[in-house]
Amino acid sequence: MTTTPVPAHLAQLVPLARALRGAGHQVLVAGQPDVREVAEAAGLELAVVGGRFHPEDHPDLATDPKPLVGHARYLTPRYLETARDWRPDLIVGSRLEYASLVVAGALGIPVAHQRDPDPAADALGDSLRGVAAFFLGGLCRRAGLSALPVPHLLSADEEPGRLVAVLERPASQHTPRRTPA
């Protein structure tokens, strides 16, 4: 699971993460230190990727989330390294988290984004996708992708069984190669 460095974005993914874990999936959250408290409070394993983002330094982030595209551009190689070590069967991301798309595409695995329960925020995710495709185009090409992959979109109350059916991937019983730090 990947998330933006905004703690509230991870908090929206927590019910799905718990449901997936309860259905037998291993769940790892890859994110910046900004989301540590939410991950720990939810009992989720966290692989810290990069340094603090300081969302408080971006007061307009709710209406202009372009800094999150910069976040994805900067951290995609680190997320990819974490994913190669973890070897996931699929990646689930928060709606405005775009590194997950490049990482899943590079690994040849399915990717899903959870829709935001707020329709306006969800629409923002759609509109920002073009900006993300432009700024992440070079990373996509270097990863062997012709374009930024399109995620499966999940409702906020998605059942893990439906997620597996949508992605046509069964739960994996693999063991990560290393324990994330």
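**The whole protein**

This is a predicted model. The protein has seven helices and five strands, and along the sequence they follow the pattern α-β-α-β-α-β-α-β-α-α-β-α. Of its 181 residues, 49% are buried. The accessible surface comes to about 8700 Å², and carbon and sulfur atoms account for 53% of that surface. Now look at contacts between residues at least 6 apart in sequence: 65% of these join residues at least 24 apart.

**Two packed helices**

Two packed helices are described by the angle between their axes and the distance between the axes.

| Helix | Residues | Residues in the contact |
|---|---|---|
| α3 | 66–86 | K66, V69 and R73 |
| α5 | 119–135 | L128, V131, A132 and F135 |

The two helices pack at an angle of about 35 degrees, and their axes are 10 Å apart. The crossing of α3 past α5 is right-handed. What kinds of residues make up the contact of α3 with α5? Five are nonpolar, two are charged and none is polar.

**One residue up close**

Next, find A39 in helix α2, which spans residues 36–41. Is A39 buried or exposed? A39 counts as buried because its relative accessibility is 0%, and the cut-off for buried is under 20%. Leaving aside residues up to four places away in sequence, A39 touches L10, L44 and L46. A39 and V14 are 25 residues apart in sequence, with their C-alpha atoms 8.0 Å apart in space.

Note on methods
Residues are numbered from 1 along each chain as its sequence is written. This is a predicted model: local features need pLDDT of at least 70, side-chain atom pairs count only at pLDDT 80 or more; totals for chains, interfaces and linings use all residues. Side-chain values use heavy atoms; hydrogens and water are left out. Helices (H or I, at least four residues) and strands (E, at least two) are DSSP runs, numbered from the N terminus. Buried means under 20% relative accessible area, exposed over 50%, partly exposed in between (1.4 Å probe, protein chains only). Contact means heavy atoms within 4.5 Å. Accessible areas come from the Shrake-Rupley method with a 1.4 Å probe; for residues, only the protein chains shown count as cover. Axes are lines fitted to C-alpha atoms, for helices over the stretch in contact, and angles run from 0 to 180 degrees between N-to-C directions. A crossing is left-handed if the near helix is turned anticlockwise from the far one by less than a right angle, and right-handed if clockwise. Ala, Val, Leu, Ile, Met, Phe, Trp, Tyr, Cys and Pro count as nonpolar, Asp, Glu, Lys and Arg as charged, and the others, Gly among them, as polar.
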